Amino acid sequence: MTQATTEATVPYEEALAAYDPVLGLEVHVELNTATKMFCGCATTFGAQPNSQVCPVCLGLPGALPVVNEKGVESAIRIGLALNCEIAPWCRFARKNYFYPDMPKNFQTSQYDEPIAFDGHLDVELDDGTTYRVLIERAHMEEDTGKSTHVGGATGRIHGATHSLVDYNRAGIPLIEIVTKPMVGAGERAPEIARAYVATLRDLLAALGVSDVRMEQGSMRCDVNLSLMPTGADRFGTRSETKNVNSLRSVERAVRFEIQRHAAILASGGSVTQETRHWHEDTGITTSGREKSDAEDYRYFPEPDLVPIAPAADWVERLRESLPEPPAARRRRLQGEWGYADLEMRDVVNAGLLDLIEETVAAGASPAGARKWWSGEIARRANADGRDVPAYAAAPRRDPRPCGGVGVVGHQRPTQ
Ligand SMILES: [Zn+2]
């Protein structure tokens, strides 16, 4: 084991008394398009390794990418839902670095020309107040493949006897959503981080652009954090904790990093700019690699793809077709149904909103529908070891093919 010795921390209140946290969040969300971002390969989760690949997503010589229109549409809808400006013209860029599960040796991404920028998302906190998170940008890129390290105790590369690479995920469309630095959040920084990711997840689910399963990695959060002495206006050095994969972990990772940075600064040390790993089991972060600066990636415009210039009337049609924002929908339904705040919160937390809405639409009284789903059906689902929505959906769910044969043929991307 090289995994670092646990680094010193100071108590949370002590850290907050001396320093202001500056928080930034980068969320990667995998789109649920049927095909990859630049080729016609299928995107089915859990398929046989390396069965959903082709010359384009394997980066073979001479293979040429074509942009997935549905991916661009989803990116624009996300941008609009985040109150962003949509670029009338933008390009993809190559982000150059080597990683064994990235066959092209560059990632097709966007750099200084993101498709969406300058937005905001209002986030409701536990006490009922609202915090506005400013969005820097939302840009399109592609996912990498997936490495599995075999033979070690931890599943990490250290101690492994060999590694396996699955390129099925290489080229799956991703949207990266980056906030502006949040200053002045103080002791609420961990709560704001959690609430932001939860609100964003609900919004993306309502848009229907992703299955937003954090535990499966289709939504992943990187936590950027730095501290500055209380009252200062110059940001400190930040750390970037990668791939935090649950709402609770986002909150805990922010809190831990505040305590860790404070311990370093209070002892006269300086924080290293680096990426860090989050450990769910122990609730700590450990050092990853030193963070590269943008210039290290040698970004340049992607020469094999034409620029994206979404027609203004298309963008307007997409804007008009946006669903009602989840928070507004909850307020509207609560008013229509006459539920008390606590009743409404229980219904939302149990994931019963859609079911109750359907049941009321079918003629039930709101009070009767709530009692039915959160009483009788919840009791049966509980006995069956499932939550109510899964229990209700079970008879209708198609069996998922497992270990089946992936798509072999290669088509032009259509969606
Ligand atoms: Zn492909």
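This report walks through one predicted model, from its overall layout to single residues.

**Confidence and layout**

The structure is a predicted model. Its average pLDDT is 90, and 93% of the residues score at least 70. Residues 396-415 fall below 50 in pLDDT. Even so, this stretch has 28 contacts in the model beyond near neighbours in sequence.

The chain is divided into two domains. Domain 1 covers 15-318, and domain 2 covers 325-383. Their centres, taken over C-alpha atoms, are separated by 33 Å.

Start with helix α2, residues 69-81. How far apart should the ends of its 13 residues be? At 1.5 Å a residue, the helix should span 18 Å. The end C-alpha atoms are 18 Å apart, so the expectation and the model agree.

What covers them? After α2 comes Asn 83, with a positive phi near 60°.

**Strand pairs**

Strands of a sheet pair through backbone hydrogen bonds, either parallel or antiparallel. The pairs below are antiparallel, and each row gives one pair of bridge partners.

| Strand pair | Bridges | Bridge partners |
|---|---|---|
| β3 and β4 | four bridges | Lys 95 and Gln 107 |
| β2 and β5 | two bridges | Glu 85 and Phe 117 |
| β5 and β6 | eight bridges | His 120 and Leu 134 |

Strands β5 and β6 also make a hairpin, with five residues between them. In the turn, Gly 128 has a positive phi of about 90°.

Strand β3 belongs to an open sheet of three strands, in the order β4-β3-β15 with antiparallel pairing. Why is one side of β4 and of β15 left without a neighbour in the sheet? Strands β4 (106-109) and β15 (300-301) stand at the edges, and each has a single partner strand, so one side of each stays without a neighbour there.

**Nonpolar cores**

The largest nonpolar core holds 71 residues. Which of them touch the most other members? The answer is Ala 193 and Tyr 196. Helix α3, residues 189-207, gives the largest share of this core, nine residues. Tyr 196 is in contact with Leu 25, Leu 121, Val 123 and Val 133, leaving aside neighbours within four places in sequence.

**A closer look at Ser 239**

Ser 239 lies in strand β12, residues 239-244. Is Ser 239 buried or exposed? A residue is buried if 20 or more other C-beta atoms lie within 10 Å of its own. Ser 239 has 23 such neighbours inside 10 Å, so Ser 239 counts as buried.

What does Ser 239 touch? Not counting residues up to four places away in sequence, Ser 239 touches Leu 225, Glu 257, Val 271, Glu 274 and Arg 276. His 261 is 22 residues from Ser 239 along the chain, and the C-alpha atoms of the two are separated by 8.9 Å.

Key:
Residues are numbered from 1 along each chain as its sequence is written. This is a predicted model: local features need pLDDT of at least 70, side-chain atom pairs count only at pLDDT 80 or more; totals for chains, interfaces and linings use all residues. Two strands pair if DSSP finds at least two bridges between them. Domain bounds come from an automatic or database domain assignment. A nonpolar core is a set of buried Ala, Val, Leu, Ile, Met, Phe, Trp, Tyr and Cys residues joined through C-beta atoms within 7 Å. A residue is buried if 20 or more other C-beta atoms lie within 10 Å of its own, exposed if 12 or fewer, and partly exposed in between; C-beta atoms are placed from the backbone. Two residues are in contact if their C-beta atoms, placed from the backbone, lie within 7 Å. The expected span of a helix is 1.5 Å times one less than its number of residues. pLDDT is the predictor's confidence in each residue, from 0 to 100.
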